[in-house]
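Here are my notes on the model, point by point. Please read them with the coordinates open.

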Amino acid sequence: VVFGPFSVLSGCDTLPQPAGAAPQQAHASIAALPGVSPSGVTIAFVSLAGAPDNVRQKLGDAMTAQVASRPLALADTQTAHYLIRGSISAFSEAKATRIAVVWDIYDSTKRFRHRLQDTVLIPAVAQDGWSLVDAKVAGEIAARSVGELSAYLSNTPEAIAASRTSA
């Protein structure tokens, strides 16, 4: 499977740390460019750090389903226009567990381009917050993540160029 984003072990990818993209940055959604589809853009998921294997598997399955339902083109890391590296964390709060997700997007030259950030609040607390990430929560994370990724990719030069040639 070309998707296979979470088969790479944490820390084994060769993408640099993004400069100036500190985790405390405010989340800013990017609107999809009207009339532009990200289908002309190829992507490869490189890694997902922070989650135990069973959560990476659930999220990988959910991401695969979401990517398949959208006009996204998957490729291997050698040919993709954009490389995506993820990080996920679970934080227990007073009456809830917060799952924080970060996706760093790099171009094919491994230059940092953009950071997508989101959080999902689970209205429950457990000794192991990861145990609360079931298929439903993974599906919500994946839907939101892939939606934001699609919107970002519709604004890329590759998507804009592809939309002009198909018009």
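1. In which helix does D53 lie? D53 lies in helix 1. Helices here are DSSP runs of H or I with at least four residues, strands are runs of E with at least two, and both are numbered from the N terminus. D53 is exposed, at 57% relative accessible area. The cut-offs are under 20% for buried, over 50% for exposed and in between for partly exposed, with a 1.4 Å probe and protein chains only. The D53 side chain makes a polar contact with the side chain of R56, at 2.3 Å. A polar contact is a pair of N or O atoms within 3.5 Å; within protein, one must be able to donate a hydrogen and the other to accept it, and residues adjacent in sequence count only if both atoms are side-chain atoms.

2. On provenance: this is a predicted model, where local features need pLDDT of at least 70, side-chain atom pairs count only at pLDDT 80 or more, and totals for chains, interfaces and linings use all residues. Residues are numbered from 1 along each chain as its sequence is written, and side-chain values use heavy atoms, with hydrogens and water left out.

3. Overall layout. The protein has three helices and five strands. Along the sequence they follow β-α-β-β-β-β-α-α. Of the 167 residues, 44% are buried. Among contacts (heavy atoms within 4.5 Å) between residues at least 6 apart in sequence, 75% join residues at least 24 apart.

4. The helix pair. Helix 1 (residues 53-68) and helix 2 (residues 135-153) pack at about 45 degrees, with axes 8 Å apart. Axes are lines fitted to C-alpha atoms, for helices over the stretch in contact; angles run from 0 to 180 degrees between N-to-C directions. Helix 1 and helix 2 are therefore oblique to each other. Under 35 degrees counts as roughly parallel, over 145 as roughly antiparallel, 65 to 115 as roughly perpendicular, and the rest as oblique.

5. Handedness and contact residues. The crossing of helix 1 and helix 2 is right-handed: the near helix is turned clockwise from the far one by less than a right angle. Helix 1 contributes K58, L59, A62, M63, Q66 and V67 to the contact, while helix 2 contributes A135, A138, G139, I141, A142, A143, S145 and V146. These residues divide into 10 nonpolar, three polar and one charged. Ala, Val, Leu, Ile, Met, Phe, Trp, Tyr, Cys and Pro count as nonpolar, Asp, Glu, Lys and Arg as charged, and the others, Gly among them, as polar.

6. S154. This serine is in the loop between helix 2 and helix 3. S154 is buried, at 2% relative accessible area. A polar atom of its side chain lies 2.8 Å from the backbone oxygen of A151. Beyond neighbours within four places in sequence, S154 contacts A32, L33, V36, P38, A159 and I160.

7. S163. This serine lies in helix 3 (residues 157-166). At 18% relative accessibility, S163 counts as buried. A polar atom of the S163 side chain lies 2.8 Å from the backbone oxygen of I160. Setting aside neighbours within four places in sequence, S163 contacts G35 and V36.

8. T77. Where does T77 lie? T77 is in the loop between strand 2 (73-74) and strand 3 (82-92). At 40% relative accessibility, T77 is partly exposed. Its C-alpha is 9.6 Å from that of T42, 35 residues apart along the chain. Leaving aside neighbours within four places in sequence, T77 contacts A44, V46 and L83.
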